[in-house]
Amino acid sequence: MNGSPCQKFHSQQGLRQGGPLSPYLSILCAEVFFGLLSKAQEEMGLHGIQIARGAPKFNQLFFPDDSLIFCRDSFQDSQSIQEILNSYQSTSGQLINLDISKICFSRNVPDDRNILF
């Protein structure tokens with residue numbers, strides 16, 4: 001301390017929301033989540049959306065407090081996203097708040113399909 005060695009000490013507080021490292025940790029976590037979704041798109045065939053012919057497909061949009069995930073109306077895509085979310089929660093320690101989460105379907109999805117969610 002102050003240029004000389006001192007005894008070991010243990011931090012008592014840890015990381016907190018709103019702390020000086022919080023924005024950087026959020027970015028790192030978002031990068032991991034982005035990587036999981038990109039890997040699923042490349043390896044497992046998770047389909048994204050395409051806004052025009054010839055445009056690249058994407059399966060996520062990230063905002064400071066929100067994440068949007070896009071996929072097809074298929075059991076395989078739904079299962080892939082569920083596995084990614086479970087993996088992300090278990091490795092990052094962050095939990096997804098299901099009370100404020102929402103699943104939206106295109107108007108082209110039949111009612112008998114979206115009632116399962």
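**Tyr88**

Leaving aside neighbours within four places in sequence, Tyr88 is in contact with Cys29, Phe33, Leu36, Gly93 and Gln94. Contact here means heavy atoms within 4.5 Å. Tyr88 lies in helix H2, residues 75-92. I take helices as DSSP runs of H or I with at least four residues and strands as E runs of at least two, numbered from the N terminus. Tyr88 and Phe33 sit 55 residues apart in sequence, yet 6.6 Å apart in space, C-alpha to C-alpha.

Is Tyr88 buried or exposed? Tyr88 counts as buried because its relative accessibility is 9%. The cut-offs are under 20% relative accessible area for buried, over 50% for exposed, and partly exposed in between, with a 1.4 Å probe and protein chains only.

**Ground rules**

I number residues from 1 along each chain as its sequence is written, and side-chain values use heavy atoms, with hydrogens and water left out. For this predicted model, local features need pLDDT of at least 70 and side-chain atom pairs count only at pLDDT 80 or more, while totals for chains, interfaces and linings use all residues.

**Ser80**

I stayed in helix H2, where Ser80 is also placed. Ser80 counts as buried because its relative accessibility is 6%. Apart from neighbours within four places in sequence, Ser80 is in contact with Met44 and Leu46.

**Phe70 and His47**

Next I checked two loop residues. Phe70 is in the loop between E2 and H2. His47 is in the loop between H1 and strand E1 (60-62). They are 23 residues apart in sequence and 7.7 Å apart in space, C-alpha to C-alpha.

Which residues does Phe70 touch, not counting residues up to four places away in sequence? I found His47, Gly48, Ile49, Phe58, Asn59, Gln60 and Leu61. Phe58 is 12 residues from Phe70 in sequence and 7.7 Å from it in space, C-alpha to C-alpha. Phe70 counts as partly exposed, since its relative accessibility is 22%.

His47 has 27% relative accessibility, so it counts as partly exposed.

**Ser106**

I then went to the loop between H2 and helix H3 (111-114), where Ser106 lies. Ser106 counts as partly exposed because its relative accessibility is 40%. Ser106 and Asp73 are 33 residues apart in sequence and 8.9 Å apart in space, C-alpha to C-alpha.

**Leu21 and the patch**

I looked for nonpolar surface. Leu21, Tyr24, Leu25 and Leu28 make a nonpolar surface patch of about 420 Å². Patch residues have over 30% relative accessible area and no salt bridge; like charges are joined within 9 Å, and nonpolar side chains (Val, Leu, Ile, Met, Phe, Trp, Tyr) within 5 Å. A salt bridge is a side-chain nitrogen of Lys or Arg within 4 Å of a carboxyl oxygen of Asp or Glu.

Where is Leu21? Leu21 is in the segment before helix H1 (22-43). Leu21 is partly exposed, because its relative accessible area is 49%.

**Largest pocket**

I noted a volume of about 2,000 Å³ for the largest pocket. Of the 43 residues that line it, Ser67, Leu68, Ile69, Leu85 and Ser101 are the closest to its centre. H1, strand E2 (67-69) and H2 each give two or more residues to the lining. A pocket is an open set of points on a 1 Å grid over the protein atoms alone, where a 1.4 Å probe fits, with protein on both sides within 12 Å along at least five of seven lines; lining residues have an atom within 4 Å of a point. Points are joined across faces, edges and corners, and the volume is the space filled by probe spheres set on them.

**Whole protein**

Last, I noted the totals. The protein has three helices and two strands. From the N terminus on, the elements run α-β-β-α-α. Buried residues make up 15% of the 117 residues. Among contacts with a separation of 6 or more, 42% join residues 24 or more positions apart. The protein exposes about 10,100 Å², with 55% of it supplied by carbon and sulfur atoms. Accessible areas come from the Shrake-Rupley method with a 1.4 Å probe; for residues, only the protein chains shown count as cover.
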